[in-house]
Amino acid sequence: MSLLSEKSFILENWNIALPVTIILLVTVYLISKRKKTDLDGAEYIGADNSIKTDENCYEDTEFTPSLDDKDHVLFPGAKVVLDGGATKFYEIVNDRRSVRKFSKKPVPFEIIKQCIQAAGTAPSGAHTEPWTFCVIADETIKNEIRDIIETEEYLNYSQRMHRQWTTDLKPLKTNHVKEYLSDAPYLILIFKQIYGIRNDGKKKQHYYNEISVSIATGILLCALQAAGLNSLVTTPLNCGPALRTLLNRPNNEKLLVLLPVGYAAEDCKVPDLRRKDVDEILFTY
Ligand SMILES: Cc1cc2nc3c(=O)[nH]c(=O)nc-3n(C[C@H](O)[C@H](O)[C@H](O)COP(=O)(O)O)c2cc1C
């Protein structure tokens, strides 16, 4: 009975039901087509890291490892051991704060290079090392970056971000004006390589590239802090493609984060935040 009444409702409202059904079918078709394209581009794992289960697709594929064969050598464990290393390391990283006001005091490039060398020791999915670090010291390029970001951030804050988001940011006193982008002596733009290119020109899978690059970024933050420098993790919303184009980076690179780096300005202020106690984040079993 209720089915009949539902049917008659659909029939009566066919002028609405028909376009809605067509839109639904087209959406489902487009989504499934997009998933297939992702998988074709990514060969065995989709761009969303989902594992492809249809083994038959690869019957004709000749599988060769992306890495050369490696000897396995004895590893004696950690060689650089500091007395009280864990305590010292905690003291260093606990001293890190997000700095949004930088002094123009110069920083030797060699220090930045060493910190990036440290970041490059990060583990990565199947040792793919899917990261690119672009260091900008040139004033003109820094100003171009600031222009791109401030234009987008104005739209983000005024139109794109949800009221809850802008409300959550109020205690941090952030807005679309980013003086630090031109004041900090260096901007480090960290790109994740969503795939690589093998010697034979084929695409190389970069498994878990975002996690790998995020770990490398974490190591970079620690290294900068250990070098007595200050930084800020920023994620400029909607700016990735324009910044990639500005820096002439290839298509397989997507901007993950941008870090201004330098020394905090003398009048730099930070919100008086409290960090969770270790007992709030650690559970033993
Ligand atoms: C993934 C991520 C994205 C962030 N994006 C921004 C950003 O776009 N702009 C900004 O001013 N701060 C950004 N931050 C900094 C956070 O606001 C900051 O880490 C947080 O308030 C804690 O402060 P602390 O870093 O001083 O401990 C980001 C931090 C992370 C980890």
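**Around the ligand**

Mentor: An N or O atom in the side chain of Arg97 is 2.7 Å from an oxygen atom of the ligand, a polar contact (a pair of N or O atoms within 3.5 Å). This is a predicted model, where local features need pLDDT of at least 70 and side-chain atom pairs count only at pLDDT 80 or more, while totals for chains, interfaces and linings use all residues. Residues are numbered from 1 along each chain as its sequence is written, and side-chain values use heavy atoms, with hydrogens and water left out.

Trainee: How far is the polar side-chain atom of Arg96 from an oxygen atom of the ligand?

Mentor: That distance is 2.9 Å. Val233 uses a polar backbone atom, 3.0 Å from a nitrogen atom of the ligand.

Trainee: And how much of the ligand does the protein bury?

Mentor: 64% of the 610 Å² that the ligand exposes when taken alone (Shrake-Rupley method, 1.4 Å probe).

Trainee: New topic: which residues of helix 4 are buried?

Mentor: In helix 4 (residues 109-119), they're Ile112, Cys115, Ile116 and Ala119. Helices are DSSP runs of H or I, at least four residues, numbered from the N terminus. Buried means under 20% relative accessible area and exposed over 50%, with partly exposed in between (1.4 Å probe, protein chains only). The four cover an arc of only 100° around the axis, so they sit on the same side of helix 4; the arc is that of the directions from the helix axis to the C-beta atoms.

Trainee: What's exposed on the other side of helix 4?

Mentor: Gln114 and Gln117.

Conventions: Helices (H or I, at least four residues) and strands (E, at least two) are DSSP runs, numbered from the N terminus. A polar contact is a pair of N or O atoms within 3.5 Å; within protein, one must be able to donate a hydrogen and the other to accept it, and residues adjacent in sequence count only if both atoms are side-chain atoms.
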